[in-house]
Amino acid sequence: MDGSLRQPLSFWARWRLLGPWLVPFCLSGLAALALAVFLELNQQRAEVRVRQAWEAEARRAIGLIRSSQRLAERVDRMGFRLRQKLEQVVSRGGKGAWSVALVRREAARAFHPLIWRAVDEGVVIKRGRDGTWQALPWPGAPPGRSRLVAGVLADFVTLAQGEDLPANRLEALKVRSVGLFGPVGEPLVLGRHQVGHLTTVWYGGKRAEILWDVVMAGRQPIGAYLFVFQRAPLARFQPLRRALDEVAARFGPRHLPLLVPAGGEVSRRKIVGPRRRRLPSDLVPLIRQIRRSAPAGRLERLPLERTLEVGGRRWFRSFLHEDRPWEIWIVSPVRAADRLTTHGRALGVGAAFAAFWLAVGLAVVGRGRPLPIPMRVSFTALFLLMGGLPLAVFLALGLTRLEATLDAAIQRARQQGEETLVALDRQGGQALRDFRAAGQALMERRSVRAALLADDPRGWAAVASLAFRLFPRFHSQLDRLLVFPIRESATEFTRPGAGPGEGPLAAAGLAASLKGFHDILWLPPDDPQHGFVLSDRQKEMETALRAGFSQVSQIVYACKLQGEALQISPRERFFRWIDILTRHGAPARYLLFQLNTWSLVERLLRSGAARRVLARPTDRFLVAEVTSGGIRPLFPPAASAFWRSAEGRRWFRRLTDGATRDGGQDGLEATTLWLTRRAERSGPFVLGAGLDLSAAWEEHAQGRRWLWLLTGALLALIGWVGRVVGDHLIRPLGGLQQALARVGEGNLEVRLGFARADEIGHLARQFDEMIRGLRQRRDLARFVPDSLEARVRGQAGPTGLEPRLEEGVVLVADLRGFTTLAEAHPPETIVALLNRHIEAMTGPIHAEGGRIEQFIGDAVVALFVDPGPGQPGQAARAAVRAACGMRRAHLSLQAARQAAGEFPYEMGIGIDGGPLMVGALGGDTRSEFAVIGPAREAAEALEARSRAGAHSRILVAAHLWPYLRAEFRSTAGPDPDCLEIILPESPDGVLPR
C-alpha cells in the first residue's frame with residue numbers, strides 16, 4: 001500500500017476517497033428508483049382495487065339501509081323469514097308441529113321487537129285430515145271475531161292457491177271480508193293478491209295493518225296465520241338505528257354507516273350511528289369540511305354516489321329516501337400514517353438504499369483509506385449493476401404490464417357477465433316481445449279494426465277467434481281478449497283451455513282504471529259526455545282506486561303503456577297490451593290483450609341459464625324470482641343441494657340483496673367474479689352470474705413465473721458475461737499478484753509471458769524484464785557482502801558507503817587442512833566440496849539474521865549486529881546459534897560423504913565481538929567494502945585455535961559468556977580467554993568422531 005495512505009488525512013482528503021464509489025452509487029440509485037416506481041404503481045393499483053371493493057360494499061350497505069326504511073318492505077321481509085322458518089319446522093316435525101305456540105315463538109324471533117309489540121291480534125288456522133280448516137285459539141283475542149276472521153282466512157287460502165269459489169260463497173266472503181277490513185277487503189284482491197304483503201285496512205272501526213300468509217308442507221297448505229298490527233305504534237317504528245346496527249355487523253369495521261341530517265348545522269348529537277360503534281372524534285369537523293366544499297354552501301351540489309377521500313378517510317354519500325330528510329354517509333376507518341401506508345414500500349426501498357450507502361460512506365471516511373474489496377468482487381458488482389439496471393426496468397415494466405392485463409381481464413369478464421345477464425333478461429323478455437309483435441300484427445289489419453269499431457259483438461268474437469289463431473304464429477299465445485266500449489260493459493273472450501283469469505274483480509278494476517285514464521286524458525271535467533257507464537262492482541273498484549289501494553293503482557300505469565308486464569300477485573303474472581281505437585279523433589274502444597305467464601318466462605329463463613352453463617361449465621348462472629320479502633330460487637332449482645352449501649348460502653344472500661336494489665352488484669371473491677342484476681324486461685326476477693377467473697389468474701401467475709425466470713436467466717447471463725470479462729481483465733492481474741508474492745518470497749524464476757497485445761500484455765512484458773534484471777542483481781549480489789547490500793538499500797547517496805563504527809559480533813569459520821586437500825584431490829572435486837560446504841553454511845547464518853561479509857577461499861566471515869540499544873548480547877547469542885547450526889550442517893555433510901565413500905574434512909569456528917569499522921576502503925578508482933577491527937582479528941585467532949577443541953570446536957571469547965550462559969553450555973577452551981561451546985544435543989559434551 002502506498003505510504004501516503006498511512007499518513008493522517010485531512011477531512012476533505014477523506015471525503016475524496018468516495019470518488020470511486022460515485023458510479024456504483026448512481027447505478028444503484030437508478031435501480032432503486034426503478035424498483036420504487038414499480039412498487040408505487042403496484043401500490044396504487046392495489047389501492048384502486050381496495051377502493052373499488054370498498055365502494056361496492058358501501059353501495060350494498062346503502063341499498064340495505066334504504067330498503068330497511070320502507071316499512072312495508074321491511075315487514076314483508078320479516079314475514080318472509082317467518083314463513084320460511086315455519087315451513088322448515090313443519091317439514092322436520094310433521095303436521096303435528098303446527099300450533100299457535102310455534103307461530104308466536106318464531107314470530108317473536110323473526111319480527112323486530114317494536115313490530116312484534118304492535119301486533120294487536122292474531123289468527124291461526126290449521127288444516128285437518130279431511131281438508132277442513134279449524135281455528136286455533138289466540139291468547140287474548142275476542143272469540144267471536146277470531147272465528148269470523150278464521151273463516152275468512154280459510155277462504156283466502158283457497159283463493160291464494162289459484163282456486164275459484166262458488167258464486168254464493170264468494171258473495172258471502174265478500175260481505176264478511178268487507179265488513180271486517182273495509183272497502184279494500186275485496187276477497188279477490190286481499191285474498192289472492194295481498195298474500196305476504198302488509199296491507200292497510202279498516203279493522204274494528206280504526207285504521208290498522210294486516211299481514212297474512214300460507215305455510216306449505218310440500219305442495220299442500222298446512223296452516224295459515226294473520227296478524228293485525230296497530231297502526232299508531234307501527235307508524236312510530238323507526239328502524240334507522242337497527243338498520244345501521246345490522247349493516248355495521250355485516251360489513252365489519254371497514255364501513256361505518258351514519259345518518260346525517262340533510263339540512264342545518266351538523267353536530268355530534270344529530271348524527272345517528274350504530275349503537276355498538278364509537279364515533280371518531282374527527283367525524284363532525286370532517287363532515288363540516290366536506291359540506292363547506294360545496295359551491296355557495298349548496299348541499300345538493302355535493303358529490304353523490306361516489307367515493308371521496310378527506311382527512312385520511314373514505315366517504316360515500318347518498319340520500320336515504322325521497323320523503324325522509326336524511327343523508328347516508330358510509331365512512332372508512334382512519335388509515336394510520338396515511339403517507340407511510342400509501343408509499344411504505346417505496347419509502348422502504350429508499351431507506352434501505354440510503355442506509356447502505358451511508359454505511360459505506362461512513363466506513364470509508366472513518367477508516368481514512370479505501371475498503372479492502374477485491375477487484376474481482378467490485379468489478380462483478382459493478383458489471384451486475386450496469387446490466388441489472390435495464391433488467392430491473394424490464395422487470396418492473398413486465399410486472400406492471402401483467403397487472404394491467406389482469407385488470408383488463410377482470411374488466412372484460414365483468415363486461416361479458418353484464419352482457420350475458422342482459423342477454424338472459426332479453427331471452428326471458430322474448431315472450432313479451434313476441435306477444436307485442438303478435439298484437440301489432442293483429443291490429444295492423446284494417447278488417448280487424450273495422451270489426452272492433454262496429455257495434456256487432458259477433459264481429460268482436462270473430463276478431464278474438466282470429467287472435468287466438470294468430471298469436472301462436474309469433475311463438476306466443478293469447479289467453480283472453482277484453483273489449484271495452486265507451487259507456488258500456490266490457491266483453492271478454494277466453495281461449496279454450498286457458499287457465500283461471502284475474503276474475504271479475506280484476507276486470508272491474510281495469511274498467512275503473514280505463515275510466516279514470518279516459519276522463520283525465522280525453523275529456524275536460526265539465527264535459528257532459530265525461531266518463532264511462534260503470535256497473536256497481538266497477539264503481540266499488542273506482543272507490544278503492546280513489547282510496548289509494550297500491551296494488552290496484554298499478555293498473556292505471558298499465559293503461560299508459562302497451563304490452564307492459566305486470567305482477568298482480570306473487571303467484572301469478574300477466575302480459576297485458578292496451579290498445580285504443582279512435583273514431584273521429586275520439587276514443588271509441590279500449591282493447592286488453594292478456595296472457596297468463598305463470599310458467600312461460602320462468603321456463604325461458606331456466607333454459608337460457610342452463611344453456612349458458614353447458615356452454616361455459618366453469619361459470620355459474622342463477623335465476624331467482626322476487627317474492628314478498630325475499631326470493632324463490634328457480635335455477636338451480638330450490639330443491640338442489642347447491643343452495644344448502646356454503647357457496648349456495650352466499651349466493652342466496654347476494655340475490656336477496658340484489659332483489660332489494662334497482663342497480664346491480666358485483667364483487668371479486670378469490671378467483672370468482674360475481675354479479676347480480678334485477679331483470680328489466682322479463683319481470684320480477686333477479687339474475688346472478690359467477691364467472692371463473694382462474695384461467696386469468698393462472699395466466700397471470702404463469703406470466704409472473706416466466707418473467708421472473710427470464711429475469712433470473714438474464715441476470716445469470718450477465719453474471720456469466722461479467723465473469724468472463726472479469727477473467728479476461730482481472731485474472732492476468734491475479735497472476736501478476738501471485739508472481740509478485742513469489743518474488744517477495746525470493747523466487748526469481750517467475751515468468752508471466754502473456755501473449756497479449758494490450759496494456760496487460762505490455763505490463764507482463766515489463767514485469768518479465770524486471771525479473772530478468774533482478775536475477776542479474778541476485779547473481780551479482782553473490783559477490784557483494786551482505787553489509788554492503790544492506791547499506792546500499794538503507795541509505796541513498798554517495799555518503800552511504802563511508803566507513804563508520806558499529807558494535808557487532810564476528811563469526812569466522814574455516815576448514816582444517818584445506819591446502820593439503822587441494823593438493824591431494826583434483827580441482828573440480830575441491831570446487832564441488834566448497835560449493836556444497838558454503839551453501840550449507842549460508843543457511844544457518846541467514847536464519848539467525850547474520851550477514852556474510854566475505855568468502856576467503858574456504859573461510860566464511862559473518863557479522864551479527866544487535867537490533868537495538870536495549871537488547872545487548874542478542875547478536876552474540878544469534879552468532880552462537882548460527883555456529884551450532886553450521887556445526888550440525890557440517891556433521892550432516894560428513895555423514896553423507898562417508899556414506900558416499902568420499903574423504904572427510906574438519907571445520908573450526910571462532911566468535912568474538914566489539915567495536916568494528918564497517919565501510920568502503922580505497923580510492924576513487926578502486927574501493928572495497930570491509931569489516932575491520934580488533935574483534936575480527938580475535939575471531940580469526942579463535943578459529944585458528946579451534947583445532948585444539950575437544951567438543952564442538954566452536955570457540956567464543958570469554959567476555960561474551962555472560963550473555964550466553966542462560967542459553968548455552970560450555971567448557972574451558974585451549975586458552976583462558978576463550979570457551980568452547982557444547983552442542984545442546986550432545987549430553988556428554990564429547991565431540992562426535
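Guide: Helix α15, residues 430–443, has 14 residues and reaches 20 Å from its first C-alpha to its last, close to the 20 Å expected at 1.5 Å a residue, where the expected span is 1.5 Å times one less than the number of residues. Helices (H or I, at least four residues) and strands (E, at least two) are DSSP runs, numbered from the N terminus. This is a predicted model, in which local features need pLDDT of at least 70 and side-chain atom pairs count only at pLDDT 80 or more, while totals for chains, interfaces and linings use all residues. Residues are numbered from 1 along each chain as its sequence is written, and side-chain values use heavy atoms, with hydrogens and water left out.

Visitor: What makes the buried residues of α15 line one face of the helix?

Guide: The buried residues of α15 are Ala431, Leu432, Asp434, Phe435, Ala438, Gly439, Leu442 and Met443. Seen down the axis of α15, they fall within an arc of 165 degrees, so they line one face; the arc is that of the directions from the helix axis to the C-beta atoms.

Visitor: Why is His700 called buried?

Guide: Buried means under 20% relative accessible area, exposed over 50%, and partly exposed in between, with a 1.4 Å probe and protein chains only. The relative accessible area of His700 is 10%, so His700 is buried. His700 has its place in helix α23, residues 694–744, and it touches Leu402, Glu403 and Leu406, not counting residues up to four places away in sequence, where contact means heavy atoms within 4.5 Å. The C-alpha atoms of His700 and Thr405 are separated by 8.0 Å, although the two residues are 295 apart along the chain.

Visitor: What makes β16 and β17 the edge strands of their sheet?

Guide: They belong to an open sheet of 5 strands with the order β16-β15-β19-β18-β17 and antiparallel pairing. Strands β16 (630–635) and β17 (665–669) each pair on one side only, and two strands pair if DSSP finds at least two bridges between them. Strand β15 (residues 620–627) and strand β19 (residues 685–692) pair over 6 bridges in the antiparallel sense, with Val623 opposite Leu687 in β19.

Visitor: Which strands does helix α21 lie across?

Guide: Helix α21, residues 600–615, lies across β15, β16 and β19, and runs at about 60 degrees to β16. Such angles run from 0 to 180 degrees between N-to-C directions, and the axes are lines fitted to C-alpha atoms, for helices over the stretch in contact.

Visitor: At what angle do helices α16 and α17 pack, and which way is their crossing handed?

Guide: Helix α16 (residues 446–453) and helix α17 (residues 457–470) pack at an angle of about 140 degrees, with their axes 8 Å apart. Their crossing is left-handed, a word used if the near helix is turned anticlockwise from the far one by less than a right angle, whereas clockwise is right-handed. Val448, Ala451 and Leu452 in α16 meet Gly459, Trp460, Val463 and Leu466 in α17.

Visitor: Which way do the residues of strand β25 point?

Guide: In a regular strand the side chains alternate between the two faces of the sheet. From β25, residues 954–957, Ile954 and Val956 point one way and Leu955 and Ala957 the other way, and all are buried. β25 pairs with strand β27 (residues 978–982) in the antiparallel sense over 3 bridges, and Val956 stands opposite Leu979 in β27.
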